[in-house]
Amino acid sequence: ELNLTARIGEAGKKLHTARSRNDQVAVDSKLFAKNAAAAASLSDAFASRLTRKTYTAILEGEAGIAGSVETLRLPLGGDPFDLPRQIVLSESNRGKSAKSAAEIIAVSEHLGFTRTLVRLHPETGRTHQLRIHMALGFGCPILGDALYGKRGLFELREQRLYLHLEELTFPRVSDGKPVTVRIDSGFSSLL
């Protein structure tokens with residue numbers, strides 16, 4: 001695991017990070033601020049949902065037709081018998097509303113397995129939200145998901161979760177104007 005602060009060395013002690021909770025197994029980004037006040041402002045933007053995240057993922061199986069967009073609403077909560085696993089619960093039974101939009105980019109066959117490339121836009125930020133919405137909402141877990149998937153784990157060249165934060169938009173601390181950072185997943189070359 002790359003530890004950016006360790007690689008930066010002494011200068012890393014002066015860096016401030018904005019808090020954005022995400023699954024530890026997903027490829028995510030870390031946002032650094034120049035000072036503690038800017039880090040607090042960015043953390044508040046995440047907490048207030050003033051940021052937008054776009055993920056790409058490879059799913060096990062065929063989730064639909066390329067070009068289609070689906071909105072998934074499944075209320076989620078912790079499984080009291082199997083944490084950290086999350087389960088679908090009614091909102092009257094501890095479930096918290098969770099909403100994601102999924103755009104199907106491509107469907108293909110690879111080594112005898114059908115895969116779907118999707119672009120995901122979470123509107124809420126529940127624990128494991130995208131993973132559960134794909135596994136239960138589409139019936140196609142994210143490739144490499146050992147918690148909610150498993151079917152495709154054995155033919156993978158690289159043992160990892162194929163979920164990648166591709167685009168992050170956040171308000172610039174100085175003037176509130178949106179700033180977008182984009183990092184290509186490279187997933188389309190795997191299909």
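Biologist: What makes β3 largely enclosed by the rest of the structure?
Modeller: This is a predicted model, and the answer comes from its computed areas. A residue counts as buried under 20% relative accessible area. Eight of the nine residues of β3 fall in that class, so the strand is largely enclosed.

Biologist: How do you know that β3 and β9 pair?
Modeller: Two strands pair if there are at least two bridges between them. β3 and β9 are joined by six bridges and run antiparallel.

Biologist: What joins β3 to β8?
Modeller: Six bridges, again in the antiparallel sense. Two would be enough to call it a pair. Glu-60 has Arg-115 in β8 as its bridge partner.

Biologist: In which order do the strands of the open sheet lie?
Modeller: The order is β4-β7-β8-β3-β9-β10, six strands with antiparallel pairing.

Biologist: Why are β4 and β10 called edge strands?
Modeller: Each of them pairs on one side only. Their residues are 69-73 for β4 and 178-182 for β10. Neighbouring strands of the sheet are turned by 25° against each other on average, direction ignored.

Biologist: What ties β4 to β7?
Modeller: Five antiparallel bridges. The cut-off is at least two, so they pair. Arg-73 has Lys-99 in β7 as its bridge partner.

Biologist: Over how many bridges do β7 and β8 pair?
Modeller: Ten, in the antiparallel sense. In β8, Leu-117 is the bridge partner of Ala-106, and Thr-116 is that of Val-107. The two strands form a hairpin with two residues between them. Leu-111, in the turn, has a positive phi of about 55°.

Biologist: What lies across this sheet?
Modeller: Helix α3 lies across β3, β4, β7, β8 and β9. The helix runs at about 65° to β7.

Biologist: Why is α3 called mostly covered?
Modeller: Eight of its ten residues are buried, and buried means under 20% relative accessible area. Among them are Leu-130, Ile-132, Met-134 and Phe-138. Arg-131 and His-133 are on the list too. Just after the helix, Gly-139 takes a positive phi of about 75°.

Biologist: Gln-129 is in that helix. Why does Gln-129 count as buried?
Modeller: Its relative accessibility is 3%. The limit for buried is 20%, so Gln-129 qualifies.

Biologist: Which polar contact does the side chain of Gln-129 make with another side chain?
Modeller: One with the side chain of Ser-100, at 2.8 Å. The cut-off for such a pair is 3.5 Å. A polar atom of the Gln-129 side chain also lies 2.9 Å from the backbone oxygen of Lys-99. Beyond its neighbours within four places in sequence, Gln-129 is in contact with residues including Leu-76, Ala-98, Pro-122 and Thr-124.

Biologist: Which residues of the largest nonpolar core touch the most other members?
Modeller: Leu-59, Leu-120, Met-134, Phe-138 and Leu-163, out of 25 residues. The elements giving two or more residues to this core are α2, β3, β7, β8, α3 and β9. In soluble globular proteins, nonpolar side chains tend to be buried together.

Biologist: What does Phe-138 touch?
Modeller: Leaving out residues up to four places away in sequence, Phe-138 touches Leu-59, Ala-63, Glu-70, Leu-72, Ala-102 and His-133.

Biologist: Where does Arg-94 lie?
Modeller: In the loop between β6 and β7. Its side chain reaches the backbone oxygen of Gly-78 at 3.0 Å, and the limit for a polar contact is 3.5 Å. Arg-94 and Gly-78 are 16 residues apart in sequence, with 8.7 Å from C-alpha to C-alpha. Arg-94 also touches Leu-76, Gly-77, Pro-80 and Leu-89.

Biologist: How many helices and strands does the protein have?
Modeller: Three helices and ten strands. Of its 191 residues, 39% count as buried. Among contacts between residues at least 6 apart in sequence, 58% join residues at least 24 apart.

Terms used:
Residues are numbered from 1 along each chain as its sequence is written. This is a predicted model: local features need pLDDT of at least 70, side-chain atom pairs count only at pLDDT 80 or more; totals for chains, interfaces and linings use all residues. Side-chain values use heavy atoms; hydrogens and water are left out. Helices (H or I, at least four residues) and strands (E, at least two) are DSSP runs, numbered from the N terminus. Buried means under 20% relative accessible area, exposed over 50%, partly exposed in between (1.4 Å probe, protein chains only). A polar contact is a pair of N or O atoms within 3.5 Å; within protein, one must be able to donate a hydrogen and the other to accept it, and residues adjacent in sequence count only if both atoms are side-chain atoms. Contact means heavy atoms within 4.5 Å. A nonpolar core is a set of buried Ala, Val, Leu, Ile, Met, Phe, Trp, Tyr and Cys residues joined through side-chain atoms within 4.5 Å. Axes are lines fitted to C-alpha atoms, for helices over the stretch in contact, and angles run from 0 to 180 degrees between N-to-C directions.
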